[in-house]
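Hi everyone, thanks for coming.

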Amino acid sequence: MFNASEITFAEVFGLWSAEHYHKIAKSTRANYDAAYRHCQAIHTAKFVKLRLQDLQAIIHDISAAGIGYASQKKCRQLMHNLYTYAIKYEIIPATADASRFVDIDRKITKYPKKPFNTRQLNRVKKLAESDEPLSCWAQAVVMMIYGGPRTSEFLSVLKADVKLKQRYYIIRDSKTEAGRNRAVPISRKALPYFKAWMDKPGKTLITVDDGAALSYHRFRTRFDNVMDATSCHHTPHECRHTCATMLDNAGANETAVKRILGHASQGITKGVYTHKSLHELKKAIDLI
């Protein structure tokens, strides 16, 4: 049993992560690990002696280093999680939760999310159908647009979870509970590209030439090359935004859309996909 008065910030993080990391996605764990590294200045500090100014100093240092809103927000979230854990296990009293008062920089949206328009999508499709070296990566972009997975979800899809005949694949790893172990329908327009990628080596659907899985950074380089070649200016996440926009414009069933995108919704039984529900998902995706 630990001594509450002596336990450090690092030790609370170790206890919290041991209890929670198995419940969250790999990408989310990596984000919390990065946030923890930002807190290095207080790793050895006694948790009970930490004050708001100590936490705020961490955020100030992050901001001064030019690190933006998203990282600051994740760092504050980590602080909140550790304080919640410390209160739960009576390391500190509930009134000592300083994380509630931590301020971060205001969010500045430099590049508002915009869906691919028809002309841009057609240029990407044309590249996907070509014999150019980038064609397979253009195919991957089309696959993301006609399915709406988060990039991390898409890169983690295993070939064993792709059902070409039934036209769907399973996303096992997601940053949200609603997104895990969900079926994503394969659009008829993207089906040939799924078949092509299934014939490549490797355990994951999307790989490099030797069959190795891709990190986000390596995929982003290839994605940006496709954008340059097709005179488009989009991020990988805007593929998901495009899918959601097209489904909405096509009047797709709202529940089916939430299932496809992995959004939480009342009335949806997580992880249960009957023949009927899969049919509804495919019906929705084929509208776009």
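**Charges on the surface and inside**

Let's start with Lys-73, which is partly exposed at a relative accessible area of 43%; buried means under 20%, exposed over 50%, and partly exposed in between, with a 1.4 Å probe and protein chains only. A word on the source: this is a predicted model, where local features need pLDDT of at least 70 and side-chain atom pairs count only at pLDDT 80 or more, while totals for chains, interfaces and linings use all residues. Residues are numbered from 1 along each chain as its sequence is written, and side-chain values use heavy atoms, leaving out hydrogens and water.

Now to the salt bridges (a side-chain nitrogen of Lys or Arg within 4 Å of a carboxyl oxygen of Asp or Glu). How many salt bridges does a search of the whole structure find? The search gives 9.

In one of them, Glu-153 meets Arg-182, 2.8 Å from N to O. This pair links distant parts of the chain, 29 residues apart: Glu-153 sits in helix H7 and Arg-182 in strand E3. Helices (H or I, at least four residues) and strands (E, at least two) are DSSP runs, numbered from the N terminus. Arg-150 joins Glu-153 and Arg-182 in a network of salt bridges.

Next, Arg-188 bridges to Asp-286, with the closest N and O atoms 3.5 Å apart. Here Arg-188 is exposed at 59%, whereas Asp-286 is partly exposed at 29%.
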